[in-house]
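Student: I have a new structure to look at, and I would like to learn how to read it. Could we go through it together?

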Amino acid sequence: MPSEPTRTGLSAETLARAVLDNLAYLQARLPEIATPHDWYMALSYSVRDRLLARWVSTVRAYAARDVKIACYLSAEFLTGPQLGNNLVNLGIEETARQAMRSLGQDLDRLIALEEEPGLGNGGLGRLAACYMDSLATLQVPAVGFGIRYEFGIFDQEIRDGCQVEVTDKWLQKGNPWEIVPTDVSFYVNFGGHTEAQADVEGRYRVRWVPRGRVKGVPYDTPVLGYRVNTCNTLRLWKSEAVESFDFQGFNIGDYYGAVEQKVISETLSKVLYPNDEPEVGKRLRLAQQYFFVSCSLQNLLHLLDLKGEPLARFPDRFAVQLNDTHPSIAVAELMRLLVDERLVPWEQAWDITQRTLAYTNHTLLPEALETWGLPLFQSLLPRPLEIIYEINRRFLDEVRRRYPGDDARVARLSLIDEAGEKRVRMANLATVGSHTVNGVAALHSTLLKQTVLRDFAELWPERFQNVTNGVTPRRFVVLSNPQLARLLTGAVGEGWVTDPSRLKGLEERAGDASFQEQWRRVKWQNKDALRARIRERTGVVVDPDALFDIQVKRIHEYKRQHLNVLHIVTLYQRLRQSPKLDIVPRCFVFGGKAAPGYYMAKLMIRLINGVAEAVNNDSAMGGRLKVVFFPDFNVKNAHAIYPAADLSEQISTAGKEASGTGNMKFMLNGALTIGTLDGANVEIREEVGAENFFLFGLTAEEVDRVKREGYRPAAYVEANAELRQALDLIGSGHFSRGDREVFRPLVENLLHSDPFLVLADYAGYVACQERVSAAWQDPKRWTRMSILNTARAGKFSSDRAIREYCEKIWGARPVRIALD
Ligand code: NBG
């Protein structure tokens, strides 16, 4: 029998041979003394080889053919671990298991060793990663551009109930997935000044004389689609110092300034900034954004040159999506590259820019909308700022023509906020420079047009779109919930993985007793597995027969983890007052990181842990209530958490959560949702049916009205004895070992300001939780609802979302790849 090529063969024997080969010749390790990590690396290299075969074919095909490439610009890609996912997409999970067994190694153990590439904060970064998976799976030519942070999002530890941030050293032991092409790098300017002059033909030209330059080096990670040959690229830029750096600075004596610049260039891609931080690291963050955007756009122009095509073809070759405002400096940078460096006339450059770029908005929270003070902008990016002024001048001329005399409107639309310290408004810049602007759920897109971008929506209604977010069923079911995946495949065939509308086929089995029994068994086993992890990570013993009530997401006041806590404290009080009360046993699980500088969010973590300590150790509870704060919520831990949930908490103040994507992951894994009419919850409820969704709370409109009419949180406390008791108990020090001061700021904030209407929604939430408990007591009914949730989750696949982006925004089409 002819033997398969070692680097590409897909049989277990060949794979085992490849692993030994890499162990010996890449890592120089003897099998006898190889550590589990060595084996992990050897297997990963072997899997990467198999990706590379497809990657090469893909890159070749894109270079040779007339294709349009979707370019996803994002400051965050929260990919999570790669090995398991690549095995799933290659379809060789079982083969790998066998191969490693033949080498005396356990595959699951090796997979568990992988460090998490946590290059994102939360939903926004994870969405980018899901989209990369879908793009490849749908065989759409695509590249993701971002930053190769040396330190990703911090690791969270809990000490004495408090969050402690530990630096994330994901690269310490090497990253087997990335490839560094040595033939490309780009330079990016910073600081300095500009000089205007006329060129030989008398045209107005501007030269940017930078203070310094930074070199951007690409690190490529192949992204393979599910069971296809398409293997796209995630290209992350690392900054390096340029050798002959700022000698002028040395000569004129600005020694420290020059050294500072050198340090900046080397630290540019050092660390991912946590969001929700008001002022920290502003300057470096703007520098990071410009750095990766400039490298990426230069790279695209370079690709066009390689194809030998004229600049006018740029928008036909590349669709560039701006993931939030973080890359929105692309509007000015593409203009600069075209006008200054390629000598394209302004009008033509503007046409190219607008036809290329599109912008996705991910938040309406005013404090999260990016603006940059002019002095900072000017000192770091003098030339892009001039270009922004020129864009603004032309744009506002147009506005004045449309709305003569409407100065207030001009002020609102301007790219520069002139009230107080002058600032550049990045959302306005992104909107003006894009052909399409979209929100991430139907409600969010509507509110976007009514609030943050209202004037723009009036000006250009045709520019606004909605694309509801989605999540990949490969990672979030096939990989992380294999038992459910098997059950689904048995019931509706394996086509659901790429066409989850087929899950509708489960509906007819939703009431079937034996199918229900299998369904419950899968859920129970996932809960039992989470039970073991909880015990290992926190020491808390929980019961898999209890209702697993889970809220995992970033910790934020608008997400209202404290509302969840108030419900727990209420149940706790009831049981303390009437120990014999018949209640549904519940295990409450929380997980999520707080931004290091977000005081209130950190206090919420402390509160959860304080409540956990009191509740879990109170013998009167008889084990009926358990509260767990699962530390370090990340993609890896998420794999174990979503599959184990009975109830998904999606309880943000209506109008505040742009979409949510955790809500979709829970639904796909058969959890029922308790939630407000916010973000994608609205569409989840539409899909699953109102009778299968636990709805409570004020609507976005009501929230607005309550606030307009003067919200007085104390009124809700006066009207509700249980609420008063719960707040009193928290204030009494009961959950802080007698210290009455610890939670005072949190309680006072709720009583006197409560910006996210926690107290207004409390009664409705508690009543809704009672409906949850009633449903749980009827296992047939609950299981039916659970099955229907999975059955009707098809809409929330990221494949659907990507198809919409391709059709409505990018004009990108699939390209079938044959292996060379
Ligand atoms: C977040 C929203 C979420 C949404 C994700 C992905 C930001 C700025 N926004 O509701 O808060 O699901 O984006 O769209 O991180």
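Here we talk about one asparagine and then about the ligand.

Tutor: Gladly! Keep in mind that this is a predicted model.

Student: Where is asparagine 692 found?

Tutor: Look in the loop between helix H26 (681-688) and strand E22 (694-695).

Student: Is asparagine 692 buried or exposed?

Tutor: Buried means under 20% relative accessible area. Asparagine 692 has 4% relative accessibility, so this residue counts as buried.

Student: Which residues is asparagine 692 in contact with, leaving aside its neighbours within four places in sequence?

Tutor: Those are Met785, Leu788, Asn789 and Arg792.

Student: Now the ligand, please. How many residues surround the ligand?

Tutor: The ligand is surrounded by 14 residues, and the closest are His362, Asn469, Glu657, Ser659 and Gly660. Sorted by class, the shell has 7 polar, 5 nonpolar and 2 charged residues.

Student: What lies 3.0 Å from a backbone N or O atom of serine 659?

Tutor: An oxygen atom of the ligand does. For glycine 660, a polar backbone atom is 2.8 Å from a ligand oxygen atom, and for alanine 658 the distance from a polar backbone atom to an oxygen atom of the ligand is 3.4 Å.

Student: How much of the ligand's accessible area does the protein cover?

Tutor: On its own the ligand has 380 Å² of accessible area, and the protein covers 87% of that.

Notes
Residues are numbered from 1 along each chain as its sequence is written. This is a predicted model: local features need pLDDT of at least 70, side-chain atom pairs count only at pLDDT 80 or more; totals for chains, interfaces and linings use all residues. Side-chain values use heavy atoms; hydrogens and water are left out. Helices (H or I, at least four residues) and strands (E, at least two) are DSSP runs, numbered from the N terminus. Buried means under 20% relative accessible area, exposed over 50%, partly exposed in between (1.4 Å probe, protein chains only). Contact means heavy atoms within 4.5 Å. A residue is near a molecule or strand if one of its heavy atoms lies within 4 Å of it. A polar contact is a pair of N or O atoms within 3.5 Å; within protein, one must be able to donate a hydrogen and the other to accept it, and residues adjacent in sequence count only if both atoms are side-chain atoms. Accessible areas come from the Shrake-Rupley method with a 1.4 Å probe; for residues, only the protein chains shown count as cover. Ala, Val, Leu, Ile, Met, Phe, Trp, Tyr, Cys and Pro count as nonpolar, Asp, Glu, Lys and Arg as charged, and the others, Gly among them, as polar.
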